[in-house]
There are 2 protein chains.
Amino acid sequence: MKQIEEKILREGVILPGDILKVGSFLNQNIDTGLLSTMGAEIARLFDGYGVTKILTIEASGIAIAAAAGMSMGVPVLFAKKHKTSNVDGSVYSTVVHSFTHNEDYHVVISRDYLRDDDKVLLVDDFLASGRALRGLMDLCDQAGATVAGIAIAIEKCFTGAGDELRAQGVKLESLAMIESMAEGRITFRP
Amino acid sequence: MKQIEEKILREGVILPGDILKVGSFLNQNIDTGLLSTMGAEIARLFDGYGVTKILTIEASGIAIAAAAGMSMGVPVLFAKKHKTSNVDGSVYSTVVHSFTHNEDYHVVISRDYLRDDDKVLLVDDFLASGRALRGLMDLCDQAGATVAGIAIAIEKCFTGAGDELRAQGVKLESLAMIESMAEGRITFRP
């Protein structure tokens, strides 16, 4: 999506460790015009896939998921992160490792909100290692729900995690696909 | 707003300690039709107030703030919660006490994203003790920004915190105003 690529080139800041800071428009301060366009584009990409629910993870996936959910007319469910495993039988829970903070956290949703007849679109702001997404897929598995596909704002293609999911047959659509961030220069996959 | 009141009566669950659980439609699973309507209603209520930015707090305020921001055509900024005070000079920070978890947390925004000429609309899902809102007002003060008003999905009027803010001259609009939750029965302020 040209609009998000231009925004990344204009406002994105590359930090050591291949971190791309997009807090000025995506995951702390949110450009709501861009957000609307992203929601509509995700709705277009997954039109006809029978999506019944969007699943994301707090906190920075929520706004994108909400925009997509309003465009698609489906509910949005967000998984919560906990540092401890104080979970009971009322939830589905999985463990995800965060490279950014170098720690494990528990990702939890209530059993009440995901059903075995749901066709779920996973939405997140970034796809890098793919571990958060694998966690969400695990939660869907536990619920017996089907993963209809994945929509991502910004994919770091150079990690290979996105292409691995595609090779497994997952319909994965990323609105901006970063092929390389080497030497402070961002290039997109055409 | 009739639509949210009806939803609270139909799906809200009252838990001990005057906790109202609305996870089925507002703060874990999100009814995006209701969310759109709430965003449009907040935009209507604050039309003409010169709002330049919406400020909310992660995680459950984000979807409502995003819906309102898209309706109003203004950016949304969300404050982050930290348990430790690992903050540096690049942020505004304040401390908020959570009754739910009985602990203090630090609420932080980057200095880059709030300016002294901003007119800020604060948005959150619940107003109970008002402490989170006071924290956001403190962050606006630190930035020299003006608080244009506050929009809340559900106000627990019986705490008195909302009326205290109104008495101080704050334009506070709540889409559902719960007068009482005594004996398992919810009554709204007319």
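Q: Which residues in helix 3 of chain A meet helix 4 of chain B?
A: This is a predicted model, and in it A:Thr32, A:Leu35 and A:Ser36 of helix 3 of chain A meet B:Ala66, B:Gly69 and B:Met70 of helix 4 of chain B.

Q: What classes of residue are in that contact?
A: The contact of helix 3 of chain A with helix 4 of chain B has three nonpolar and three polar residues, and no charged ones.

Q: And at what angle do those two helices pack?
A: Helix 3 of chain A and helix 4 of chain B pack at about 105°, and their axes are 9 Å apart. Angles of 65 to 115 degrees count as roughly perpendicular, so that's the word for helix 3 of chain A and helix 4 of chain B.

Q: Why might residues three or four places apart point the same way?
A: An α-helix has 3.6 residues a turn, so residues with that spacing point the same way.

Q: What span should helix 3 of chain A have?
A: Its 14 residues should span 20 Å at 1.5 Å a residue, and the end C-alpha atoms are 20 Å apart, so the two agree.

Q: OK, zooming out. How many residues of chain A are in contact with chain B?
A: 27 residues of chain A are in contact with 27 residues of chain B. Helix 4 of chain A gives the most to chain A's side, with six residues. By class, that side of chain A divides into 14 nonpolar, 10 polar and three charged residues.

Q: Which strands pair between the chains, and in what sense?
A: Strand 5 of chain A and strand 3 of chain B pair in the antiparallel sense, over two bridges. A:Leu77 stands opposite B:Asn29 there.

Q: New topic: what do strand 6 and strand 7 of chain B form?
A: They form a hairpin with four residues between them. The two strands pair in the antiparallel sense over eight bridges, and B:Thr94 stands opposite B:Val107 in strand 7 of chain B. In the turn, B:Asn102 has a positive phi of about 50°.

Q: Last one. Where does A:Gln142 lie, and why does it count as partly exposed?
A: A:Gln142 lies in helix 5 of chain A. It has 15 C-beta neighbours inside 10 Å, so A:Gln142 counts as partly exposed; buried would take 20 or more, and exposed 12 or fewer.

Definitions and conventions
Residues are numbered from 1 along each chain as its sequence is written. Chains are lettered from A and ligands numbered from 1 in the order in which they are written. This is a predicted model: local features need pLDDT of at least 70, side-chain atom pairs count only at pLDDT 80 or more; totals for chains, interfaces and linings use all residues. Two residues are in contact if their C-beta atoms, placed from the backbone, lie within 7 Å. Ala, Val, Leu, Ile, Met, Phe, Trp, Tyr, Cys and Pro count as nonpolar, Asp, Glu, Lys and Arg as charged, and the others, Gly among them, as polar. Two strands pair if DSSP finds at least two bridges between them. The expected span of a helix is 1.5 Å times one less than its number of residues. Axes are lines fitted to C-alpha atoms, for helices over the stretch in contact, and angles run from 0 to 180 degrees between N-to-C directions. Angles under 35 degrees count as roughly parallel, over 145 as roughly antiparallel, 65 to 115 as roughly perpendicular and the rest as oblique.
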